[in-house]
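Hello,

Here is the structure we talked about handing over. Please open it first, then read the notes below.

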Amino acid sequence: MEINSSSPVISNPPLIFSTESPSITSATPSPCINSIPKTPKSPLARMMTPLASPMKKAIASMQTYLEEMGHLTKLDPQDSWLPITESRNGNAYYAAFHTLSSGIGFQALLLPLAFTTLGWVWGIISLSLAFVWQLYTLWLLIQLHEAVPGTRYSRYLRLSVAAFGERLGKILALFPTLYLAGGTCVSLIMMGGSTLKIFFHTVCGTTCNANSLSTIEWYVVFVCSATVLSQLPNLNSIAGVSLIGAVTAVTYCTLTWALSVSTTRPPGVSYTPVRTESDVENICAVLNALGIIAFAFRGHNLVLEIQGTMPSSMKNPSSVPMWKGVKFSYIIIAFCLFPMAIGGYWAYGNLIPTNGGMLSALDQYHRNETSKVILGFTSLFVVINSLTSFQIYAMPVFDNLEFRYTSKQNGPCPWWLRTGLRIFFGCLAFFISVALPFLKNLAGLIGGVALPVTLAYPCLMWIRIKKPEKSSAMWWLNWTLGTLGLALSVLLVFGAIWSIVTQGIPIHFFKPQ
């Protein structure tokens, strides 16, 4: 049979040609090759090949893009073993509960003390500036939680290491964050134990003095209650506890300043700022007052941990519900702290007791004219809030202790070891509170040490990680606030130490009063 060269040659589709032999795509096809019968192709091959190849390429391209952009977050398996990140089903409500519980506490009762040195004008200005400043740094920390694509910084220390390097990051953040966590727990034991004693005397009056427990025994009651409550496994599991703590904190703050304002002021109230003959002492007193205000705004060392309990994705990043919860909680915090400071200073002026602040003033000046029920409930709410705050501030310590074990054993802590570690920490905090009962008089010093964590480090970490354009508005703002925060921290620590040396504090070891 002759092949008519003028008749058209029927060929396979180009896509099938390209996937078979390169020789078939030659410019002059061989007649012998064209005469060979072709193996029949399945109809599915003709339909699927053009469809599947573009889909496969699109999926591969999208996967590569997501990996490059970091939207596929790389989760550390160790995080699922640790109490902070063990559960990631948090939400904006949980964030608000935790932030309120950790953001309002006994330190708010000391705010009128700062006004006795600063006076009305500078006291309100300092409190307002500190509030706005720390709210801005809170926003920075929330944005930095997932600043590096594909990585979540669920602990303040890890973010510090990522920003400043392994060695410098630990030097800057390890001591202040652990000091804030452990030191706050010690202070809560002192406040909770002593308030339990006040509650007992308020309810029983003079009839129970013979059977009253000593201060150390009240500390034991508080620590045992806190240790039992600390057996809840992770940060999300104490959301209900934080809700109770938030409600009691708002309630006792409102009761304290409302009772102080509504009752008769004690005689001899003066609003003249306290001054001495020495200029150095006056400057140190002002710095100590600023330290008390800085100490009132605590909780920045817990922001990343709280955000770490939330789920996060490209479509729903954790920063959105976290910022919603923080905004709601800080509106309530503002309505607690500002009336406490202004109302307390108006009610007592320079007569505010240096030991205990507003709670001691209420007990000292209005015990006889205020209902025992109201005084008793106020004291009880302080105790409950101290118990709940102990849980959230102890969680980073528990997390750090378990991190050591899981790093070595490459597995989660057994239940008995987790229980033992938490009992050990409770006993250690109790020992420190009994051995060093004068720590509660160091509010200015603690505020100075904690100030960089709150006001300085977030600004500097933003510059190191986000790398804003040089001389831009964010660059200047964060450099200015970061530098000012560090300088202010040094001055506050110096002022607090100077005040302690010159004025002295009652130092008595193993004799809590």
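**Helix packing and aromatic rings**

H7 and H8 are roughly perpendicular to each other, because angles from 65 to 115 degrees count that way. The angle between them is about 110°, and their axes lie 8 Å apart. Please keep in mind that this is a predicted model.

Helix H7 covers residues 166-204, and helix H8 covers residues 215-229. The crossing of H7 past H8 is right-handed. Both helices bring several residues to the contact. From H7 come Leu188, Ile189, Met190, Gly192, Gly193, Ser194, Leu196, Lys197 and Phe200. On the H8 side they meet Thr215, Trp218, Tyr219, Val221, Phe222 and Val223.

Next, the rings. There are 18 aromatic pairs in the structure. One of them joins Phe377 and Phe381. Their centres are 5.9 Å apart, with 35° between the planes, and the pair is tilted. Where do Phe377 and Phe381 sit in helix H14? They are 4 residues apart in that helix, which spans residues 372-409, so about one helical turn separates them.

Is Phe381 buried or exposed? Phe381 counts as buried, because its relative accessibility is 18% and the limit for buried is under 20%. Phe377 counts as partly exposed, at 43% relative accessibility.

Ring pairs also build a cluster. Its members are Phe115, Trp120, Tyr271 and Tyr345.

Arg265 lies over the face of Trp346, 4.4 Å from the ring centre.

Best wishes

Key. Residues numbered from 1 in each chain as written. Predicted model: local features only at pLDDT ≥ 70, side-chain atom pairs only at ≥ 80, totals over all residues. Heavy atoms only, no water. Phe/Tyr/Trp six-rings, centres within 6.5 Å; stacked < 30°, edge-to-face > 60°. Helix = DSSP H or I, 4+ residues; strand = E, 2+ residues; numbered from the N terminus. Buried < 20%, exposed > 50% of the residue type's maximum accessible area, 1.4 Å probe, protein only. Lys NZ or Arg CZ within 6 Å of the ring centre and 35° of its normal. Axes fitted to C-alpha atoms, helices over the stretch in contact; angles between N-to-C directions. Parallel < 35°, antiparallel > 145°, perpendicular 65-115°, else oblique. Left-handed = near helix turned anticlockwise from the far one by under 90°. Contact = heavy atoms within 4.5 Å.
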